[in-house]
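Student: I would like to learn how to read a structure of this kind, one feature at a time. Where do we start?

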Amino acid sequence: MAPRYAPSLRSRLGPLLLFLQTGFILIYAFYFEIQENVVDEASFRDAYAEFQDVNVMVVLGFGFLCTFLVRHGFSSSGFNLLVAAIATQWALMLTGLESWYDRGKIPLDLRSVLVAEMCAASALISMGAVMGKANPVQLVLLALLEVSGFVLNEQLLQGLLKVRPLKGIMLLHIFGAFFGLTLTWILYRKGSERGFEKEKFDQKPGLFSMLGSVFLWMFWPTFNSVLVDDRFPGRKLGAVYSTYLALAVSAVTAASVSVLSSPRGKLNLIQMQSCILAGGVAVGVSMSAVHQPWEAMAIGFAAAVLSATGFKYLKSHMLLAFHCHDTAAILSTHGLPGLLGWFAHLILQIKDSGDPTVAIRFAVFHICTLLVTITVSLTMGTLTGFLLRLNVWRPPQNRKCFDDQAFWEVSGL
């Protein structure tokens with residue numbers, strides 16, 4: 001007979017978090033310095049406003065996005081904040097290694113924190129695939145290993161293929177989706193094809209989840225444009241306009257596809273909340289090649305159709321055929337739109353290129369960029385999956401999956 005209560009994490013979670021945070025404090029004390037060379041007050045206000053937009057997306061947007069599960073609201077939002085805080089601190093160290101090697105110190109400014117938060121976002125994307133089936137110890141280890149893999153992927157792209165930092169970071173959707181799918185495939189639990197007992201949806205949790213989608217929808221233009229060079233304000237504004245148009249089109253299209261694919265002809269809130277973001281994901285990956293409003297709108301339309309259709313049909317087939325239990329449908333929300341954006345970037349760049357030789361060379365490098373990203377993602381996901389399968393981390397039993405009571409003090413139950 002299975003044990004009635006979930007295993008206690010007192011001897012694992014507490015010491016692990018204290019060890020990590022103490023180590024981070026010591027490293028920051030000896031190797032970090034704050035950059036105080038602010039150009040002017042107006043520039044600081046603009047930069048801080050952009051930082052707050054991204055911060056709201058990471059903490060509130062991703063935090064509320066997975067609260068659609070009836071008995072998993074505390075874990076979805078609370079573990080999201082925990083993982084984001086640890087992953088951002090870890091990413092700041094990893095992205096500053098080059099400065100530490102050259103100068104002996106790692107500079108800390110708003111831009112470096114923004115880059116670190118965007119690296120942490122890749123871990124939050126992958127966390128959606130195993131949400132409800134992994135305990136916080138496993139999620140912390142996931143964050144450390146995935147951020148390490150994502151930073152490694154960036155360094156490989158910049159070192160081997162001379163990819164610009166912005167393009168490398170925007171591949172976080174593809175990296176996070178394939179990392180999470182590999183992870184949930186390795187951590188597959190027998191019997192999950194029949195569904196978990198407590199993996200249920202309800203009206204009130206769905207409303208909070210939609211609130212997270214609204215936060216992401218509102219601030220996604222900043223997320224896509226924040227790292228565009230300030231010396232080219234026209235490009236930054238173009239990224240904002242393109243992202244907004246793609247998001248607007250994807251919201252309308254997602255509603256249409258949701259109604260058409262429903263046997264009763266009704267809207268599906270869980271399906272829509274993910275698919276309305278598809279346009280922002282796709283145009284973010286293809287942003288440097290989008291120069292016309294209709295291009296952004298077409299990408300948003302195609303991304304929403306692909307995402308909504310994938311959510312309706314692909315999620316269940318992935319579980320039955322490949323034993324991939326994707327809790328938050330990250331393949332439909334981030335993976336497929338990210339691949340569509342990569343393909344749109346390739347097509348638009350070739351269309352605008354007047355020299356066939358240049359177009360062929362770009363196509364080769366663009367394909368290599370995707371192959372390197374997927375290879376690193378799958379490799380790191382496999383290593384992380386086999387590490388998290390160890391019973392030493394005390395994962396919850398099937399009957400305690402998707403249950404806040406396994407990790408939180410919950411009154412009234």
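**Contacts of one residue**

Tutor: Contact here means heavy atoms within 4.5 Å. Leaving aside neighbours within four places in sequence, Phe179 is in contact with Ser126, Leu142, Glu146, Ser377, Met380, Gly381 and Thr384. Before going further, note that this is a predicted model, in which local features need pLDDT of at least 70, side-chain atom pairs count only at pLDDT 80 or more, and totals for chains, interfaces and linings use all residues. Residues are numbered from 1 along each chain as its sequence is written, and side-chain values use heavy atoms, with hydrogens and water left out.

Student: What separates the C-alpha atoms of Phe179 and Thr382?

Tutor: The distance is 8.0 Å, although Phe179 and Thr382 are 203 residues apart along the chain.

Student: In which helix does Phe179 lie?

Tutor: Helices are DSSP runs of H or I with at least four residues, strands are runs of E with at least two, and both are numbered from the N terminus. Phe179 lies in helix H8. Phe175 is in helix H8 (residues 172–186) as well, 4 residues from Phe179, about one turn of the helix.

Student: Is Phe179 buried or exposed?

Tutor: Buried means under 20% relative accessible area, exposed means over 50%, and partly exposed is in between, with a 1.4 Å probe and protein chains only. Phe179 has a relative accessible area of 0%, so Phe179 is buried. Phe175 is also at 0% and counts as buried.

Student: How many aromatic pairs are there?

Tutor: Rings of Phe, Tyr and Trp (its six-membered ring) pair if their centres lie within 6.5 Å; planes under 30 degrees apart count as stacked, over 60 as edge-to-face and the rest as tilted. A search of the whole structure finds 13 such pairs. The ring centres of Phe175 and Phe179 are 6.3 Å apart and their planes are at 20°, so this pair is stacked. Elsewhere, ring pairs link Phe74, Phe79, Phe407 and Trp408 into a cluster.

Student: Phe79 is in that cluster. What separates the C-alpha atoms of Gly63 and Phe79?

Tutor: They are separated by 8.1 Å, and the two residues are 16 apart along the chain. Gly63 lies in helix H2 (residues 41–65) and counts as buried at 2% relative accessibility. Not counting residues up to four places away in sequence, Gly63 touches Val58, Ser76, Ser77 and Asn80.

Student: How do I read a polar side chain such as that of Thr243?

Tutor: Look at the distances between its polar atoms and others. A polar atom of the Thr243 side chain lies 2.7 Å from the backbone oxygen of Ala239. Thr243 is placed in helix H10 (residues 233–260) and is buried, with a relative accessible area of 0%. Beyond four places in sequence, the contacts of Thr243 are Trp220, Pro221, Asn224, Gly280 and Val283.

Student: How many salt bridges are there?

Tutor: Side chains of opposite charge can pair when their charged atoms come close. The rule asks for a side-chain nitrogen of Lys or Arg within 4 Å of a carboxyl oxygen of Asp or Glu, and by this rule the count comes to 6. One of them joins the side chains of Glu33 and Arg103 at 2.6 Å, N to O. Glu33 lies in strand S1 (residues 32–34) and Arg103 in helix H4, so this pair ties together parts that are 70 residues apart in sequence. Glu33 is partly exposed, at 27% relative accessible area.

Student: Which residue forms a salt bridge with Glu50?

Tutor: Glu50 forms one with Lys236, and the closest N and O atoms are 3.5 Å apart. This pair links distant parts of the chain, with Glu50 in helix H2 and Lys236 in helix H10, 186 residues apart. Lys236 counts as buried, at 12% relative accessibility.

Student: And what is the distance for Asp352 and Lys351?

Tutor: The closest N and O atoms of this salt bridge are 3.0 Å apart. Asp352 is partly exposed at 40% relative accessibility, and Lys351 is partly exposed at 48%.

Conventions
Polar contact = N/O pair within 3.5 Å; in protein donor to acceptor, adjacent residues only side chain to side chain.
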